[in-house]
Amino acid sequence: MNNIAVFGNCSQPRHRIDAIVDFFKLLDSSDFIVSVDRSFMEYLIQLAPSISRFQMFDNIPGKCDVALSLGGDGTFLSTARAIGLVGIPVAGINTGHLGFLADVDIADGERLLKALSTGDYRTELRSVLTASIIEGPGKIDAEAFALNEIAILRHETASMIEVKTVINDTPLADFRGDGLIVSTPTGSTGYNLSVGGPIIEPSSSALSVAPIAPHSLSMRPVVVADTAVIDISIESRANSWRLSLDGQWITLPVQTKVRIVKAPFSIKIIHTAGHTFASTLRSKLLWGAATF
């Protein structure tokens with residue numbers, strides 16, 4: 001492994017800047033061939049003029065072996081979108097708050113680089129969702145996908161929407177409320193969890209279908225196989241609704257019907273030795289912590 005592409009958040013916390021500069025010094029003194037996303041590099045140079053200038057890129061380099069994401073979980077998701085179909089693994093270096101996906105703290109950057117150099121790490125395949133138009137007006141980017149979740153949301157109205165949900169050609173439910181979230185196991189600890197959806201172990205072959213602020217208490221989250229074909233249609237007093245893929249949303253006419261399926265590719269996430277899902281739950285979500 002020789003070529004590293006670095007992505008980052010262009011609004012880094014001030015108290016983390018020194019640690020970021022130190023990390024780039026480590027990169028500069030390493031044997032890796034390093035290139036940095038242009039917007040991130042230009043941002044860092046303005047913030048810390050002493051930082052080394054690296055080769056910059058606008059699109060992911062073709063010979064890249066691994067991607068590094070410097071920021072929080074949002075930055076990790078945008079990095080995952082950038083590497084998409086390229087198929088290279090990505091490691092998340094946390095300079096933000098929670099860091100559930102970006103699980104290596106910036107202070108441990110030297111340990112991560114050593115692991116990458118020696119091969120003392122493992123990669124974990126994470127499933128991805130895609131959405132496509134199956135009927136009606138509207139347009140979705142052909143390469144749009146979501147590592148965390150796809151959400152169906154009401155748009156610019158206080159009125160609830162009705163999300164008619166069909167799984168494998170069999171009607172599941174008409175979810176009335178603010179919308180619906182279809183989440184991967186990776187995204188189960190994100191937006192899905194905040195609306196009462198289940199936590200799903202990342203390697204599970206399952207998806208969560210969770211209503212947002214349902215009008216009826218009988219409307220509860222459902223776990224389905226990740227082989228499911230999920231067809232969505234909307235009824236609403238409004239003329240449009242929002243489709244969100246990991247927070248990147250588009251507005252679609254109410255007549256548009258959408259199909260959600262598991263993508264034919266996965267995102268490879270790098271973990272260093274000792275990382276487990278259970279330990280992440282305990283450290284990030286205070287899972288099982290005693291309360292007094």
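Let me start with Glu235, which, at a relative accessible area of 44%, is partly exposed, and which in this predicted model forms a salt bridge with Lys164, with the closest N and O atoms 3.9 Å apart. Glu235 sits in strand β16, residues 230-235, whereas Lys164 belongs to strand β11, so this pair ties together parts of the chain that are 71 residues apart in sequence.

Which residues do salt bridges with shared partners join into one network? They are Glu162, Lys164, Asp174, Arg176 and Glu235.

The structure holds 13 salt bridges, and another one I would like to point out is between the side chains of Arg16 and Asp105, at 3.0 Å from N to O. Here Arg16 lies in the loop between β1 and α1, while Asp105 is in strand β6, residues 104-105, and the two are 89 residues apart. Is Arg16 buried or exposed? With a relative accessible area of 14%, Arg16 is buried, because the cut-off for that term is under 20%, whereas Asp105, at 26%, counts as partly exposed.

Let me turn now to the nonpolar residues, with the general remark that in soluble globular proteins nonpolar side chains tend to be buried together. The largest nonpolar core has 30 residues, and the members that touch the most others are Val6, Phe23, Phe24, Leu27, Leu68 and Leu70. At least two residues of this core come from each of β1 (3-8), α1 (17-29), β2 (33-37), α2 (38-47), β4 (66-71), β5 (90-94) and α4 (109-118), and the largest share, six residues, is supplied by α1.

If we take Val6 as an example and leave aside its neighbours within four places in sequence, we find Val6 in contact with Phe24, Leu27, Val34, Ser35, Val36, Asp37, Phe40, Phe57, Leu68 and Leu70. Apart from this core lies another, of 29 residues, including Val163, Val182, Ala228 and Leu243.

Technical notes:
Residues numbered from 1 in each chain as written. Predicted model: local features only at pLDDT ≥ 70, side-chain atom pairs only at ≥ 80, totals over all residues. Heavy atoms only, no water. Core = buried A, V, L, I, M, F, W, Y, C linked by side-chain atoms within 4.5 Å. Buried < 20%, exposed > 50% of the residue type's maximum accessible area, 1.4 Å probe, protein only. Helix = DSSP H or I, 4+ residues; strand = E, 2+ residues; numbered from the N terminus. Contact = heavy atoms within 4.5 Å. Salt bridge = Lys/Arg side-chain N within 4 Å of Asp/Glu carboxyl O.
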